[in-house]
Amino acid sequence: MNDIRLLLIGAFMAVVAVVALLFGNPIPSTPASEDAVAESAEPERHGGAASEGSEPPIAEMAPPEESVAEEPVIVVEAPDMAEGVPLDDRGAEGAMPEPIIVEEAVEMPAPFEENETHRDVPIFFATNRGLSDDPDFDDPASTFTDDYDVLRYGTGIVSIPREHRMGQLESQGWFASLMFEPDVEKHVILQDLTPWTTEEVMQMLAGELATSDNAILMYVHGFNTSLDKAARRAGQLTYDLAWDGPSFLFSWPSRGRAINYLSDSTMAQRSVPDLKQVLRDLAERDPDRIIVIAHSMGTRIISEAMAEMVAENDPAIEEITTIVLAAPDIDEVVFRNRLFPRFQEATSTHFTLYASAEDSALKASKEANGFRRIGDTTDGVPQLPGIDVIDATGVVSDFFGHTYFGDNTSILSDIYEMVHSGSPVDQRAMLAPVPPEPPSPEAITHWRINLPN
């Protein structure tokens, strides 16, 4: 019976994913199942959000080609927020430290020159994907497979088109890609992916750290993400965040298909030791800051890695100053009972969690796993003393409302302030405080993204 159920779920996921790709239209809702297994604990939440409805398949997909892009949001100095709740007054014992304050923010990307068709963004990468025996010269990502293998390092180049808009991962549609090559003036393109030895990459990394702000930005992708898409997203984030130092992608062997949720989950678990090794290797270069942005199932990998490193008293955690958990696909009870206590011990690391009540991918994950995810605020916003919890409900995102961390200008602007100026949560322009209802001495304020009028 379980095999039949999984086959039916997989078939449904594939059909809806194809419909979304071809037509970009929402699927009519049907009532959600009420038969989910009861959870072992009912964690404290407050607030609330969207009504329950049908749940499209789990998928991290690019927005439909014809989606309307938001106007870019240029980050300015945050206004005073008299109603904001200072970090030190949140009533949380052992709260995480405030982020490191950087004296000057890096300028936003410079405008394109008249003769520039695109701009090349260099990235480093680490991956435990296997090497291909027959790579396609015209497809850099084909250098690697989606099989699990040993950890390798390398460098890449992602081109950003002159028509790029903040928050857009400009791509060809599936049908157009059958007939035309991508256009460097219109599309974000992975131009190169070259494996090197660990020593060679670490030498190059040390050179970049010496000529920048001595900080590393790392991106860990989620479920249903090919290497090509992961690298392109890493380049887009690097460009949109105007990151002036080394940018690092950790790509684990996701199968890159919506129907492979269970195998991706296994691959993510296998990848925890490899990400730990990458973090140790980066920390040995002695950067002032390592900033990690992880998405969806990728948040499981960084969370498990951090929890183990804290338990092991690994000195590398002293260099990991910021971790962003975007739309985390992590069982809520596991997060609260096993991961969160370890995070509270990581006194040098500041944690931010973005969640939403409109994330259909996480709702589908709840159905597939039987329990709700920490990144889903449908039943209220989780209270996690010492972690900045930001409710992104209502922001414009992809078809499934799951990739808002990279395709919404308000979220990107908030992350920009976080990684450049180090502004605490109560001083960032994109955020507004949401006091608990009903008020109580034990409850804490969470935050929401300021939506355009």
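This is a predicted model: local features need pLDDT of at least 70, side-chain atom pairs count only at pLDDT 80 or more; totals for chains, interfaces and linings use all residues.

**Starting at valine 272**

Reply: Happy to! Let's begin with valine 272, which is in contact with Ile301, Glu304, Ala305 and Glu308, leaving aside its neighbours within four places in sequence.

Me: Which helix is valine 272 in?

Reply: Valine 272 sits in helix H6.

Me: And is valine 272 buried or exposed?

Reply: Valine 272 counts as buried, because its relative accessibility is 3% and the cut-off for buried is under 20%.

Me: How far apart are the C-alpha atoms of valine 272 and serine 303?

Reply: They are separated by 8.9 Å, while along the chain valine 272 and serine 303 are 31 residues apart.

Me: What about helix H5 and helix H6, how do they pack?

Reply: Helix H5 covers residues 261-270 and helix H6 covers residues 272-283; their axes are 4 Å apart and the angle is about 40°. H5 and H6 are therefore oblique to each other. On the H5 side the contact is made by Ala268, Gln269 and Arg270, and on the H6 side by Val272, Pro273 and Asp274.

Me: Good to know. How many helices and strands are there?

Reply: The secondary structure comes to 11 helices and 13 strands. The protein has 453 residues, of which 54% count as buried. Also, among contacts between residues at least 6 apart in sequence, 79% join residues at least 24 apart.

Me: How many residues does the largest nonpolar core have?

Reply: It has 53 residues, and Phe248, Leu275 and Phe335 are those with the most contacts inside it. Helix H7, residues 298-311, supplies the largest share of this core, with seven residues. Apart from it lies another core, of 47 residues, and among them are Ile123, Met166, Leu227 and Tyr354.

Me: What is phenylalanine 335 in contact with?

Reply: Leaving aside neighbours within four places in sequence, phenylalanine 335 is in contact with Leu325, Ile330, Phe340, Pro341, Phe343, Leu353, Ile374, Leu384 and Ile387.

Me: New topic! Which residue has its side chain joined to threonine 378 by a polar contact?

Reply: That is aspartate 376, and the polar contact between the two side chains is 2.6 Å. Threonine 378 lies in the loop between helix H9 (360-369) and strand S10 (381-382), and aspartate 376 is found in the loop between H9 and S10 too.

Me: Are those two buried or exposed?

Reply: Threonine 378 is buried, with a relative accessible area of 10%. Aspartate 376 counts as buried as well, at 6% relative accessibility.

Me: And how far is the C-alpha atom of threonine 378 from that of glutamate 358?

Reply: Those C-alpha atoms are separated by 7.5 Å, with the residues 20 apart along the chain.

Me: What does the side chain of arginine 428 make a polar contact with?

Reply: The side chain of arginine 428 is joined to that of aspartate 414 by a polar contact of 2.6 Å. Look for arginine 428 in the loop between helix H11 (409-420) and strand S12 (431-434). Arginine 428 counts as buried, at 1% relative accessibility.

Me: Last one: what is phi for alanine 242 and for asparagine 313?

Reply: For alanine 242, phi is near 50°, a positive value in a residue other than glycine. Asparagine 313 has a positive phi of about 55°, although it is not a glycine.

Methods:
Residues are numbered from 1 along each chain as its sequence is written. Side-chain values use heavy atoms; hydrogens and water are left out. A nonpolar core is a set of buried Ala, Val, Leu, Ile, Met, Phe, Trp, Tyr and Cys residues joined through side-chain atoms within 4.5 Å. Buried means under 20% relative accessible area, exposed over 50%, partly exposed in between (1.4 Å probe, protein chains only). Helices (H or I, at least four residues) and strands (E, at least two) are DSSP runs, numbered from the N terminus. Contact means heavy atoms within 4.5 Å. A polar contact is a pair of N or O atoms within 3.5 Å; within protein, one must be able to donate a hydrogen and the other to accept it, and residues adjacent in sequence count only if both atoms are side-chain atoms. Axes are lines fitted to C-alpha atoms, for helices over the stretch in contact, and angles run from 0 to 180 degrees between N-to-C directions. Angles under 35 degrees count as roughly parallel, over 145 as roughly antiparallel, 65 to 115 as roughly perpendicular and the rest as oblique.
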